[in-house]
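Hello,

I am passing a structure on to you, together with some notes on what turned up in it. Please have a look at it first, and then read on.

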Amino acid sequence: PYSAINFYVYENALDMLVGMQRSHREQNETYGHLKRRISHRMTDEEIEEERRMQERARSDDNMPRHKFMAGAIAGCSAVFACYPLDLVRTRLTTELEG
């Protein structure tokens, strides 16, 4: 169960951290970018710049700090979930009769 909890929490934490970064980046969109995107009137240079920004944003999605933080969250969650069960199992197997 330790590995399953660890992997599950890691993937969800990474998705959450990346999602938070995306929403923060979208909030910082300037009025000019928003206006051009809504009106669909963009020059070829602006379209190319927008494409480059989207590619850069995709490559930043799995930054090492996000992976580190997701791993730390996953490790702590797995230990907190499994340690009490392991303790009970160990105490039951080493308990002396009498």
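**A pair of charges**

The side chains of D86 and R89 meet in a salt bridge, at 3.5 Å from N to O. The term salt bridge stands for a side-chain nitrogen of Lys or Arg within 4 Å of a carboxyl oxygen of Asp or Glu. A search of the whole structure finds 1 salt bridge. In general, side chains of opposite charge can pair when their charged atoms come close. D86 and R89 are 3 residues apart in helix α4, so about one helical turn separates them. D86 is partly exposed at 34% relative accessibility, while R89 is exposed, with a relative accessible area of 52%. Here buried means under 20% relative accessible area, exposed means over 50%, and partly exposed is in between (1.4 Å probe, protein chains only).

**Where the values come from**

Please keep in mind that this is a predicted model: local features need pLDDT of at least 70, side-chain atom pairs count only at pLDDT 80 or more, and totals for chains, interfaces and linings use all residues. Residues are numbered from 1 along each chain as its sequence is written, and side-chain values use heavy atoms, with hydrogens and water left out.

**The chain as a whole**

The secondary structure of the protein chain comes to 4 helices and 0 strands, and from the N terminus on the elements run α-α-α-α. These elements are DSSP runs numbered from the N terminus, with helices being H or I of at least four residues and strands being E of at least two. Of the 98 residues of the protein chain, 14% count as buried. The chain exposes about 8200 Å², and carbon and sulfur atoms supply 59% of that area. Accessible areas come from the Shrake-Rupley method with a 1.4 Å probe, and for residues only the protein chains shown count as cover.

How many of the contacts between residues at least 6 apart in sequence join residues at least 24 apart? The share is 84%, where contact means heavy atoms within 4.5 Å.

Y10 lies in helix α1 and is partly exposed, with a relative accessible area of 21%. Leaving aside neighbours within four places in sequence, Y10 is in contact with K67, A70, G71 and A74. Y10 and A74 are 64 residues apart along the chain, yet their C-alpha atoms are separated by 4.9 Å.

K67 lies in helix α4 and is partly exposed, at a relative accessible area of 41%. From K67 to A13 there are 54 residues in sequence and 8.9 Å in space, C-alpha to C-alpha.

**What is inside**

Which residues make up the largest nonpolar core? They are A13, L14, L17, V18 and A70, 5 residues in all. Of these, α1 gives the most, with 4 residues. A nonpolar core is a set of buried Ala, Val, Leu, Ile, Met, Phe, Trp, Tyr and Cys residues joined through side-chain atoms within 4.5 Å. In soluble globular proteins, nonpolar side chains tend to be buried together.

L14 is found in helix α1 and counts as buried because its relative accessibility is 9%. L14 and M69 are 55 residues apart in sequence and 8.0 Å apart in space, C-alpha to C-alpha.

**What is on the surface**

Y2, V79, Y83 and L87 form a nonpolar patch on the surface, with about 380 Å² of accessible area together. Patches are made of residues with over 30% relative accessible area and no salt bridge; like charges are joined within 9 Å, and nonpolar side chains (Val, Leu, Ile, Met, Phe, Trp, Tyr) within 5 Å. The largest share of this patch, 3 residues, comes from helix α4 (residues 64–94). Y2 is found in helix α1 (residues 2–27) and is partly exposed, with a relative accessible area of 38%.

Is C82 buried or exposed? C82 is buried, with a relative accessible area of 7%, whereas C76 is partly exposed at 44%. The structure holds 0 disulfides, a disulfide being a pair of cysteine sulfur atoms within 2.5 Å.

Best wishes, and enjoy exploring!
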